[in-house]
Structure formats: structure tokens, C-alpha cells
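Please keep the sequence and the model in view while reading.

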Amino acid sequence: MTGLAKSELLQLQLHLQTATIACTDRCLYQGAKWVAELLNALPTSSVEEPPGYGSDTDIDSPTSEHQPVTPTPERGLNGDLNERKLEQKEMKRYLLAKTFFDCREFDRCASVFLPKTLPKGQAIPNPTSPHSSANLSQKALFLALYGRYMAGEKRKDEESEMILGPQDGGVTINKELNGISLTLEEWFSNRHSRGLEGDGWLEYLYGTILAKSKNEDLAKKWFVRSVHLYPYNWGAWLELSSLISTVEELSLLTEQLPQNIMTFIFHVYSSQELYQSTEQVHNELTQIQNIFPDSAFLKTQRALLFYHSKDYDEAESIFSQLLQSDPHRIDSLDNYSNILYVMELRPKLAFVAQLATTTDKFRPETCCVVGNYYSLKSEHEKAVMYFRRALTLDRNFLSAWTLMGHEYVEMKNTHAAIESYRRAVDVNRKDYRAWYGLGQTYEVLEMHSYALFYYQRAASLRPYDPKMWQAVGSCFGKVGKLMNGIRAYKRALVAGSYYDGGTGNSFGSEGFGGGILDPETLYAIALLYERLDDREECAAYMELVLSQEEGPEEDDLLGGGNERGGVGVTPTTSKARMWLARWEFMRGGYQRSMELANELCQDGVEVEDAKALVRDIRARLESEKEDGTRAAVEEVERKFGRKT
Amino acid sequence: MTRYLTPQKIGLLCLISLYCDGVVPSVSVIPVLSFILSHLEVAQFSSGKSKERVIGYGFFIPIRDFENLTMAHSSSVPGRTLFDLFLNKLWSINSLDSLHSFFDDLEQYLAKGRNVPHDVDNSELSNRDRILLSRTSPCGAYVRRAQLEFTRLQFDDAIKLWAAFFKYREPTTTAWKRRHPGTRTSVNDASIQDLDNSHDLFSIAMANLDIDDDQTGLVAADDIEAILDFQVQRLQRLGNRIPDEMKSQFRKMLTPSVATPSLLHFVRFFDAWRAGDYTSAFDNLHRYFDYTMHNRDKSYYHYALLHMAILHADFGCFDEAIATMSETIATARENQDLNCLNFSLSWLNHLNKAYPKRMKGTEYGGMIGSEREGIAFLKAKARESKNYALLSSTLLSEAKLRLSNGDTAPKALEQLFQSSHLNITHRITNNFGTQLLMLSALYGRIGLQHLSTSYCDLILDCYRDHSPVEEALRAICRNAFTAAQAGRFTQAMSIFQSIDPDVHRTLKFHQYLISFSGLLKLRRALRRSDITAISHLLLSLRAGCASDPDLLFQFSLLEIEHRLRQQDFPLALRKIEDVNADLENADTDIYQRIHLLILKAQLWAKVDRPELGFSLAMRAAALSWRSRILPALWEALGLVVGILNEMGECEAARGILASTIPHAIECGDLALVAHLHGHMATAHIGLAGKYISIPSSSPSTPSRATTPDFSPPVLTHLSRAEFFLDNALECYTHLEDVEGQCECLMKKSIVARVRGDEGVSEDWAQRYLDTRRKAEEEFGEDRGEAGMRI
């Protein structure tokens with residue numbers, strides 16, 4: 001991938017340009033923005049246009065013959081000509097429709113090209129309607145149907161009324177979906193029966209509508225078809241990515257996809273969304289960044305990868321650079337604010353919030369940043385207010401739902417919290433934080449089996465996050481499935497060590513130094529074993545907890561001499577020590593018990609208990625000694641046969 | 001624009017926290033605290049009751065003030081002035097976040113409330129050398145209010161506050177840098193100072209907040225409301241207009257904000273009203289109440305109507321005014337708003353008295369019964385509800401009623417003093433002006449002109465700031481009138497010229513002043529027989545005086561006098577009858593009726609039918625005696641004397657005059673004095689004639705024939721007559737009364753001839769002719785002058 005030839009770069013540039021125009025023509029504003037950004041991220045020096053190379057050459061110019069990256073769409077020249085003739089013919093009407101759309105008069109836009117009423121539900125198909133839509137160019141049809149779809153979305157939002165209000169149950173549906181999908185089905189069957197393919201856009205629309213009506217497999221199929229036909233439509237990729245819920249699915253799907261740069265970007269993006277911050281993904285990203293060195297989007301992806309692997313400093317510095325290079329860019333600032341939140345950089349967060357507010361205070365991202373700031377200041381009511389505002393601006397704004405859930409948890413409003421989290425996972429099922437939050441909330445409500453379910457979902461999304469497994473383990477413990485709990489905890493131990501090995505470097509993050517196991521987890525396992533009456537195992541784990549104080553042996557350390565000691569004395573290790581001391585005491589290992597108790601006294605933790613234990617041991621030892629003396633006396637007496 | 005917080009308030013909070021930190025040495029505590037308090041007062045009382053405190057304190061504290069204050073004091077930290085510490089405090093707020101923390105940290109300066117448990121002992125230990133503010137102390141309340149307001153701020157408002165504060169702090173940058181040479185370059189925002197291009201980022205973050213504008217962010221909505229309150233008060237109570245520079249500054253303050261306080265419309269309404277801009281006054285009034293309606297529901301509706309009614313009345317639409325007022329009363333009754341009800345009634349009363357004729361036509365009649373009843377009702381109500389302002393003003397109107405009904409002065413005086421007592425004990429500053437004005441009028445009526453003048457001066461010198469502009473104007477006009485009456489016409493005119501030109505910006509006042517000065521000029525022109533000026537003034541005043549009933553009456557008097565002087569007696573008579581008919585219809589001030597009687601009597605005297613005028617003059621004299629309107633009494637007596645002279649009862653006439661003239665001189669009416677002197681001279685001549693006792697024929701022929709050989713009493717009388725004639729002549733000259741002068745000169749010439757001094761008589765006759773000619777020559781000048789003045 002690295003170092004594309006100049007001609008290839010030119011090619012790419014041309015494609016991106018066309019894609020921007022095509023997106024704009026279809027009123028896909030976000031897609032157009034994305035592509036245009038990417039276009040401008042190409043290194044300028046290498047893409048000097050040779051004289052006479054008209055940038056306005058259209059896509060079907062002879063240059064499109066040598067497209068090494070994109071497979072040539074199998075569209076006949078015939079069909080294309082036909083399309084263009086149609087487009088020419090309806091130019092006036094198209095312009096009208098487009099202006100209507102731009103003025104957000106969606107219904108009017110749709111009615112320019114479509115009959116006033118679309119077939120709804122299972123109505124008898126109007127004999128004229130296929131005819132009429134067949135006579136339209138695909139661009140016009142797309143715009144009209146898209147307008148109809150948007151009108152439905154708008155109405156849906158309006159009917160939902162207030163955020164978390166009585167009408168806002170997340171069940172309101174877009175009433176236009178049915179009609180649009182019927183029209184599209186007809187159109188496609190008509191088209192396919194003539195042996196023709198679409199141009200990719202209508203497939204994208206159909207996919208979106210299928211996805212909205214939860215017909216996900218079919219939707220995926222149509223998206224794949226769409227990106228085959230026209231790969232530069234980022235919207236299709238985004239939708240596709242949102243339908244993938246596991247890594248396996250992603251790898252399966254990748255095989256069906258065309259091999260081009262967009263697929264690469266898609267792959268990186270999806271991996272990021274699935275929290276796969278592996279070396280491989282990083283490499284892929286680096287490769288793409290070679291082509292688009294200035295792309296803010298790609299930089300954001302990199303930062304998010306670091307964020308997922310809890311490498312906050314790195315992520316923060318990337319975002320900080322982005323902020324400096326383009327201070328007016330608000331996209332993904334909410335992620336930045338999450339990072340700053342975790343790092344507790346309050347002044348900086350305040351500044352970012354200020355910057356975003358100055359740029360546009362009515363963007364959901366801005367509201368999220370401000371909400372995060374207030375949350376960090378523990379002003380939860382205000383934070384909720386801003387998250388609500390974000391949601392009013394965009395109901396599908398995922399992070400606001402999750403963050404609002406967090407705030408409600410803080411405010412002890414569990415019902416609202418559950419609803420917020422629920423809405424978050426409805427929007428995006430890959431949001432482990434929301435799943436985890438749901439679990440936490442149910443734990444607060446002491447409904448452990450519910451909590452368990454959600455924790456398991458979170459853990460499946462983040463298999464290498466020990467926190468998830470710990471939560472699962474504790475829930476198992478609480479519902480009495482002790483063995484399962486132990487297994488989950490062990491998994492957490494593994495995950496913890498994986499992170500250390502996997503990323504190789506973890507500055508100041510939660511992970512422990514090489515070979516150090518989380519004493520909390522170990523202690524929890526030990527307690528579970530205790531409940532299983534497996535004292536030996538329990539004791540073994542308690543010993544393990546203790547051993548974490550010092551860390552691994554000197555020669556185990558990789559770098560040698562670097563500061564990777566143990567965790568030191570913590571309340572947990574002290575508790576373990578106490579347990580062990582008692583256990584030894586019970587087993588009669590008074591010497592060891594005494595040692596441990598004295599250590600406890602030295603550490604100054606649970607001194608009273610420890611002292612009591614020491615006294616007990618002394619007493620026991622004394623009595624034993626007494627017993628011993630008495631036994632010895634008896635022995636002697638017996639020996640000497642003294643009789644009394 | 002924030003609701004309450006402004007950068008200077010942050011500065012004050014910094015100062016308070018310095019004080020609380022205990023770094024202010026005890027010597028400086030008092031100046032620092034008094035500085036703080038003097039500014040807190042603005043904040044605390046602006047919304048409270050005593051609104052007058054607002055005056056005199058600036059809302060805006062420039063940073064230089066802080067600097068001057070703190071620079072002068074050293075702190076308890078060795079080697080540092082208070083200013084250094086203040087700067088440290090000020091600059092420790094170096095980012096938006098630290099602004100938030102600053103407000104959070106204010107909590108530590110407050111003593112724990114009663115319901116906050118005192119569990120954290122160690123924190124209190126560490127606070128031992130810190131001064132804790134009680135939660136209810138002025139500073140404590142201020143700190144708490146500031147905290148609360150900050151919590152209420154939206155995030156972007158907080159940003160605006162930060163930006164404004166940043167801008168406000170700017171002048172101290174050099175001082176700060178000098179004191180901390182080691183600090184990092186960035187003076188912008190500490191949170192981003194480790195970034196490379198922090199300056200660019202910072203300017204972007206502050207970009208939309210137009211830092212260039214001076215006013216932005218420095219005033220809070222709260223301040224603006226206080227200012228508006230103050231303006232409304234001035235407008236409503238004193239009736240002046242907003243100065244232009246204030247207006248423009250106001251506009252500047254309000255432009256950046258989206259939310260315009262509704263009170264602003266009220267201010268605009270008042271301003272437009274005062275300016276005589278009827279349409280926009282209405283527009284703004286409606287706008288104000290439309291905007292106010294939604295937050296203060298319907299309880300202010302009747303106040304809207306009240307203002308509307310007053311507005312209508314001001315522009316002369318009495319029908320509408322009455323209709324609106326009835327609705328006001330109905331609504332006020334519904335809402336049980338006694339204040340509004342009482343005010344409406346007293347206002348109706350007032351209106352009824354001021355425009356009785358117009359009110360008759362508006363089917364108003366039965367609304368509050370007779371005036372006396374109305375006043376009694378109001379008085380009872382005011383006593384009941386302990387509304388002393390109303391009681392005081394009711395007492396005043398009762399006194400006025402008494403005076404105009406011709407009741408005796410003592411009772412009226414008693415009521416005036418009662419009102420004065422109420423004003424002083426309850427600090428009803430609004431009524432001082434009215435009360436003093438009435439007192440002055442009363443003294444004028446009983447002929448104590450100097451007392452009357454001194455009361456007017458009292459208003460102007462002591463109560464000008466507290467009383468409505470209108471009353472001050474009336475006092476000024478009365479002074480001018482007095483001056484003109486005493487013949488000091490130039491002084492009167494200079495009084496008018498010395499009036500603050502701002503007053504003329506209010507249409508009503510402007511009209512009043514113009515009309516009043518026009519009346520004075522008309523009087524002067526009449527005396528000078530300046531025909532062109534007279535006709536010009538008559539024309540222009542006829543329109544101008546219509547608005548004020550008092551002025552209208554004065555004008556009619558002058559018009560009649562003009563006719564009399566022109567010897568157009570039928571017309572004069574008709575005019576008198578007309579005015580009289582008007583007065584008959586309504587129960588007007590007795591003073592006016594007496595004046596008409598006098599005029600009528602004068603008319604008869606002029607047409608040489610004094611007998612007809614005798615009863616009239618006697619009635620006038622009796623009436624004015626009964627109601628103690630002494631100037632009128634002297635005037636009436638003057639007429640009676642003239643008739644007596646005419647009928648040859650010269651001895652009686654002389655007797656009356658001898659006792660009248662001193663009183664008349666005390667009244668300060670020079671014309672009256674001249675008149676009486678003239679009559680006295682006539683009486684003496686008549687007496688002399690009796691001693692000569694020449695058979696009845698024309699008096700001139702025998703005097704020419706016989707040698708001047710008179711008995712001593714005749715000579716005495718003649719010389720006395722000459723003496724009085726000289727006096728009268730002097731007065732007339734002073735008054736520039738050409739007719740009067742000529743009459744005196746003629747009489748003097750006659751007296752001289754009677755004595756036999758032909759030469760002297762010729763001299764006087766010559767002077768008579770000269771005077772006439774001079775007056776005629778002066779017309780030319782006067783014409784131009786009069787044309788210019790009006």
C-alpha cells in the first residue's frame with residue numbers, strides 16, 4: 001500500500017473529487033464532508049496536476065479504464081447513457097428538488113419526482129408507480145426517496161417529543177420506511193429483470209431502510225452490494241460497520257468486500273469500533289496514513305485506538321495536535337473530552353469546552369464536552385442538562401446516552417439511568433460502557449442475575465478488559481455460581497496480563513507491572529474458594545495475594561532494574577494476611593501465624609485484631625508448653641514409676 | 001450579558017477574599033471594607049426598597065479604582081503592598097476552569113450554616129487565622145449571591161464572563177509581569193500554555209466574544225434593571241426626559257444582549273410621552289405591557305390602563321381617558337388593589353377640577369359624586385390603609401378646594417400644615433413641592449407677596465431634586481410673574497432665560513413656559529400700546545394657552561383688557577359675558593369670578609357709567625373680603641373709590657385710599673398702586689374743587705379767567721394731588737404704561753393750569769405729546785422685537 005504511484009494518486013484524487021460531488025448531489029452532507037476532508041488530506045506536493053488534466057473530467061472519461069483499485073462496476077455503457085439522458089431531461093426538476101431538500105422541505109422534495117402518495121403497507125401496487133419511477137434517473141429517485149425518508153425521520157423525532165418523556169420510548173418508527181422499501185423493491189426487481197445493476201446509491205438507501213427495520217442480514221447484503229458498485233460512499237461503510245457486532249463477523253465480511261482503499265479504511269474503522277487495538281490494526285492505519293498524511297479522521301482513529309488500550313497520554317497528545325491544526329473541528333471532540341475526563345485534566349477540558357462552545361454551541365459534541373466538564377466538577381444536574389441538550393439535537397448521539405446514564409447513576413436515579421443505557425445500546429450494541437453501566441445499575445438495585453447478563457455482554461465486547469470479567473465474577477459469586485465466578489476471575493487475571501504483554505507499554509495505566517497479578521482479583525478468587533470450602537486452594541490464592549506485595553523475583557524482570565516492584569501493602573493484601581494468619585492459627589502453624597500477625601502490626605493495619613491474634617497464639621503456645629511440661633512430668637513420673 | 005455577575009464583581013470578590021485571608025492589616029481594614037461596602041450597597045439595595053441609594057454610586061468600577069485603593073496600603077505580608085496580593089488573586093484566575101474553582105472556593109470564606117454539621121474539625125483548625133463571613137452579613141450575602149448566580153450560569157455565559165473578566169483585567173498586565181518576571185510567557189490561558197500555538201487557539205476561543213467593545217460584559221442584566229428602575233422613577237416622579245448622552249450609552253449597553261428588559265419599553269414610553277410623541281408613546285406602552293404580561297400575569301393590567309388614561313388625558317382625549325379610567329377602577333376593584341383604586345380616584349378628582357367643562361361632556365358626572373364627597377372618601381380610605389402619601393395629597397386638594405370655594409384661609413392653612421407634618425414625618429418627598437407651592441399661593445392671596453416669593457425660592461433652592469419638574473417650573477413662573485407685576489420686566493425675562501434648556505425637551509413644559517412668558521409679554525405690550533406685538537401675541541397665545549385652564553383664564557383677562565384699552569367696549573362686554581358663562585357652568589375658583597366682576601365694573605367706569613359699576617365693585621369687594629383675597633379687594637376698592645370720586649364723594653374716597661394704599665404697596669402690584677395713586681390725586685383735586693366752589697360749569701374756563709388766588713387748603717390739596725400724580729407717574733413710567741403716563745401728564749398739566757402756571761402746564765402738555773410720540777416711534781422697534789421673541 002505504501003507509496004502509491006503518482007498516477008494512482010491522481011486516480012484516487014479524481015475518485016474522491018467525484019465522490020464529493022456525487023454525495024453533494026444526493027444531499028448526503030456528512031458523506032460529502034468526509035470525502036472532501038480525505039481529499040484534502042492527500043499530500044499536496046505529490047498531486048500536482050499535470051497541465052491539461054482537467055479536474056472536471058467526469059467519471060466515465062477514458063481514464064476510468066485503468067482502475068487498478070476499484071473493480072470496474074459492471075454497468076453497461078448503454079445504461080449509463082440512458083441515465084445521463086434522463087438526468088439531462090429532468091434537470092430542472094432535479095434542481096428544484098435539491099433546493100427543497102436544502103431548505104429542509106423534505107416532503108416537497110419527494111413530491112417533485114414521486115406521486116403524492118406512496119404505496120403504504122401492503123397496498124395493491126399502483127400499476128403506474130413502477131412505470132413512473134422507472135422513468136426517473138437513479139439520482140432523482142434517490143433524492144426523492146431520501147427526502148421521503150428524511151421527512152419520516154423528522155416526524156419521528158417530533159413525535160418522540162421530550163428526551164425521556166412519556167412519548168420517548170424509542171419505539172416510534174419512521175412511517176415512511178414501508179412505502180420506500182416497497183418502491184425500491186419494485187424498482188430493483190424491475191431493474192434486475194432487465195439484467196441491469198443500480199449505481200450503488202439506491203442500494204445504500206435500501207440497505208439503510210432495511211437496517212432501520214431491523215432486517216440486518218439483508219441490510220448487510222445490500223450494503224455490500226452498494227460498496228461493490230460504488231465504493232466511495234462513506235455512508236454505506238458506516239452503516240455496514242454499525243451492523244457488525246463481533247470481530248469474527250468482520251473477518252467473515254471482509255472476504256466479501258472489494259479490495260480497495262476504502263475497504264482498508266473501513267477495516268481499520270470497524271476494528272477500532274470493536275475495540276481491537278492490536279498491532280495489526282495499528283500497522284494498517286499507518287499504511288493508510290502514508291497515503292493521507294493529514295487526515296484528521298485517521299488521526300482520530302489512531303487516538304481512539306490508544307484510548308481503547310488505555311494509553312491516554314498518547315491519545316491525548318494526538319487530539320491536542322488535532323485541536324491545534326484545526327481548532328474549528330468539533331467532530332469527535334466528545335471522545336477527546338472522555339479522555340480528558342479520565343485523565344482528570346480539568347483546565348484543559350474547560351478550555352476544549354470553551355473552544356467548542358465558541359465554534360458552535362448547538363452541536364451534540366459540544367454539549368457532550370460541556371456535560372463531561374460539569375460531570376468532572378461533580379455538578380451532575382448541569383451535566384445531565386447538557387447531555388439532554390445533546391440528545392435533543394441528535395437522538396442517535398450515542399455517547400450522550402451513555403454519559404447521561406452515568407450521570408443518573410451518580411444522582412441515584414436508577415430508573416432513568418437504566419433507560420438511558422438501554423437507549424444507548426439500542427443505538428449501538430457495541431458500546432460496552434453502556435452494557436457495563438446497565439450491569440452496575442442492576443447491581444445497585446441488587447438484581448444480580450440481570451446485572452450478570454449485562455456484564456457478560458460487556459465482557460464479550462471487551463474480552464481483554466479485566467474490569468469486565470471482575471464484574472462478571474462478582475455477579476456469579478452473588479448469584480451463588482461459585483465455580484463460574486472463579487472462572488471469570490481467572491479470566492480477568494489472564495486479561496490483565498494480556499494487556500501488559502499485548503501493548504507492551506502502559507504508562508501509568510491501570511495495568512500492573514509485568515507478572516504482577518491483580519491482588520483484588522486473587523483475593524476474590526480466594527474468597528470464592530473459601531465459600532466452596534476448598535481451604536487449600538483458598539490458602540494458595542491468599543499466598544498469591546501476599547506474593548504480589550513484593551512482585552516477581554528479580555530475575556523474572558525483563559529490563560532488569562526498572563521500577564516494577566509489587567503493589568506494596570494494600571488493604572487487600574492485609575486482609576489476605578489476616579486470613580492466612582487465622583488459617584495458620586487454626587491449622588496449628590503458630591509460628592507462621594505469629595509472623596504474619598506481627599507483620600500486620602508493623603504495617604499498622606488491623607492492629608487490634610492482629611494483637612488479639614498474637615495474644616491468642618501466645619496463650620495457645622503457653623498452654624501447649626504447659627501441656628508439654630505436664631506431659632513431660634507425667635512422662636518422668638511414669639518413667640520413674642512414682643505412684644501416688 | 002450575564003444576569004448578575006460582572007468582572008468588577010469578581011474584583012470585589014477578590015478583595016473580599018483578601019480581607020478574609022487576613023492579609024489586610026488592621027489600619028487598612030476600614031478603608032478596604034468601606035470601599036467594598038460602598039459598592040455592595042449598589043448590589044444589595046438596587047432591588048430593595050430604598051431605591052434612592054442607587055443615586056451616587058457607580059455600577060461600573062474601573063480596575064484603576066481597585067488599584068488606587070490597594071496600592072496605598074501595605075499588607076501584613078512583609079514587603080508586599082495589598083496591590084501585589086490583589087494582583088496575585090486576580091491573576092490566579094488564569095483559565096475558565098480556575099474561574100469555576102474560584103467560585104467554588106468562595107465557600108470556605110463562609111461560616112457554616114446552622115444545618116450544616118460541624119463534623120470537619122480539622123478544616124476549621126486550619127482556617128483559624130481566616131476571617132469567616134457570617135452568612136447573613138452584607139459580605140456573606142454578597143458572596144452567596146455571587147456563588148448562586150455563578151451556578152445558575154449556562155456554560156456559554158460562563159465563557160462570556162471569563163472573556164469579559166479577561167478584558168477587564170488587561171490594564172494590570174504590565175504590573176503583573178513586572179512583579180513576576182519569571183512567569184511563563186502566556187498571559188492567556190494556563191490550561192493551554194504548553195501548546196505551541198496557544199495564542200492562536202486562545203484568540204479563536206475568544207473570537208466570537210468581540211473583546212473590542214468596551215461595554216460588553218461589563219454590565220449585568222441586574223445592573224441594567226436597576227438603572228432602568230432609576231430612570232422610570234425619575235421619569236415618573238420628576239417628569240424630565242432622558243438626556244441624549246445617557247440614551248446613547250444605554251443603547252450601547254443593550255445592543256450586545258438579546259434579552260431586552262421589558263422595563264426598557266416603559267422608559268421609552270415615558271420618554272416618548274414627555275417628548276410629546278403620542279404614537280410611539282402608545283406603541284411603547286403597549287409593548288411594555290405585552291412583554292410584562294407573561295411573567296407577571298394580569299395583576300399589572302390596571303396599571304397599564306392607568307397610564308393609558310393619564311396619557312389620553314395628557315393629549316386631551318378625555319372621553320378615552322375616562323373610559324380607560326373606569327376600566328382601571330373596575331380592574332383594580334377586582335384585584336383589590338387599594339393603592340391603584342385610591343390613586344385613580346384622586347386623579348379623577350384632579351382631572352375633574354382641572355377641566356370641569358370638558359369633563360361634563362364625558363358623562364362622567366355620577367362617578368364619584370361631588371368633589372367634597374370624593375375627598376372625604378379618599379381621606380377616610382387613606383387613614384384606614386395608613387397610606388400617608390395619599391392622605392397628604394388629599395389634604396392638599398382639600399385645602400385647594402377650600403380656597404377656591406372662598407372659605408377662610410385659616411382652615412386651609414391648618415390643612416396645609418397637617419400635610420406638611422405628614423410629609424416630614426413620613427418622608428413623602430414627592431409632596432413637598434406641591435405643598436410649598438400651595439402655601440406660596442395662599443400667601444399671595446392674602447397679600448403677603450414677599451412670603452409667597454420666598455416659598456417659591458424655597459422650592460427652587462431646597463426641593464428641586466425631589467419635586468417634579470413641573471412644580472419647579474410653576475415656582476419659577478410665579479417668581480417671574482411677581483417680578484413683572486412689580487415692573488421688573490427684564491428680570492422676569494431673564495428668569496425665563498435662565499431655565500435649564502433641558503426642560504424644553506419636554507413638550508408640555510415647553511408649551512407652558514412659552515405661553516406663560518407670552519402672557520407676560522402681552523401684558524407689557526398692552527401697557528406700551530404696541531399694537532403689532534399685541535395682535536401677534538394674541539394670535540399665537542390663543543392656541544398655546546388652551547392646554548392649561550389657568551393660563552387660559554389669564555389670557556382671557558388680557559384679551560378683555562386689550563378690548564378695553566382699544567375702547568371696543570361692546571366686544572369687551574361680550575367677552576366678559578362669555579367667560580363668565582364658562583365660569584358659571586363649573587364651580588371655579590372664586591378668585592376668577594371676582595376678577596371678572598372687577599373687569600365688568602371697570603368697563604362701566606370706562607364708559608362713564610360708574611353707577612352701573614358700583615354694585616359690581618361692591619360685590620367684588622365683599623366677596624374678596626370674605627374669602628380674604630386681598631389684592632382683589634384693593635383692586636375692587638380702587639374701583640369703588642373711582643366711582644365715589646366720580647360722584648363727588650371725594651372725602652370718602654380719600655379716606656378709603658389712605659388706608660388702602662399701604663396694603664396695596666405691600667401686595668407688590670405696581671399697576672394697582674399707580675391706579676390708586678391716580679385716584680388719590682383725583683380725590684384731592686376734587687377736594688380742592690370743593691373749596692373753590694365755583695358755580696357749575698366746565699372746570700377749565702373759570703380757572704383760566706380767574707387769577708390763581710386760592711385758599712391754603714386748596715393749595716395743600718393741589719400740591720398733594722401733584723405729589724400723588726408724581727407717584728403715579730413714576731409707577732406708570734416704571735411699568736412702561738403709556739396710557740397711564742399720558743393720563744398723569746395730562747392731569748398734571750391741568751393741575752398746573754389750575755394753579756395758574758401756564759408755562760409749567762405747557763411743559764407738561766409738551767411732555768405728554770413727547771411721550772405719545774416716543775411710544776409711537778417705539779412701536780417700530782417693538783414690532784421687530786416682539787416678532788423675534790415669539
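Is B:Arg427 buried or exposed? B:Arg427 is exposed, with a relative accessible area of 58%; here buried means under 20% relative accessible area, exposed over 50%, and partly exposed in between, with a 1.4 Å probe and protein chains only.

The model is predicted, so local features need pLDDT of at least 70 and side-chain atom pairs count only at pLDDT 80 or more, while totals for chains, interfaces and linings use all residues. Residues are numbered from 1 along each chain as its sequence is written, chains are lettered from A and ligands numbered from 1 in the order in which they are written, and side-chain values use heavy atoms, with hydrogens and water left out.

B:Arg427 belongs to the loop between helix 21 (409–426) and helix 22 (429–445) of chain B. Helices (H or I, at least four residues) and strands (E, at least two) are DSSP runs, numbered from the N terminus. The phi of B:Arg427 is near 55 degrees, a positive value in a residue other than glycine. In chain A, A:Glu344 also is not a glycine and has a positive phi of about 55 degrees. A:Glu344 sits in the loop between helix 17 (333–343) and helix 18 (346–359) of chain A, and it counts as exposed at 58% relative accessibility.

Chain B as a whole comes next. It has 38 helices and zero strands, and 50% of its 790 residues count as buried. Of the contacts in chain B with a separation of 6 or more, 66% are between residues 24 or more positions apart, a contact being heavy atoms within 4.5 Å.

Twelve of the 17 residues are buried, so helix 30 of chain B is largely enclosed by the rest of the structure. Among these buried residues are B:Ile590, B:His595, B:Lys600 and B:Leu603. Just after helix 30 of chain B, B:Asp608 takes a positive phi of about 65 degrees.

Two further residues of chain B lie within helices. B:Ser98, in helix 5 (residues 96–105) of chain B, is buried with a relative accessible area of 14%. Leaving aside residues up to four places away in sequence, B:Ser98 touches B:Ser92 and B:Ile93. B:Ala622, in helix 31 (residues 610–626) of chain B, is partly exposed at 47% relative accessible area.

The axes of helix 11 (residues 234–243) and helix 13 (residues 261–273) of chain A come within 10 Å and cross at roughly 35 degrees. Axes are lines fitted to C-alpha atoms, for helices over the stretch in contact, and angles run from 0 to 180 degrees between N-to-C directions. Residues making this contact include A:Trp234 and A:Trp237 of helix 11 of chain A, and A:Phe266 and A:Tyr269 of helix 13 of chain A.
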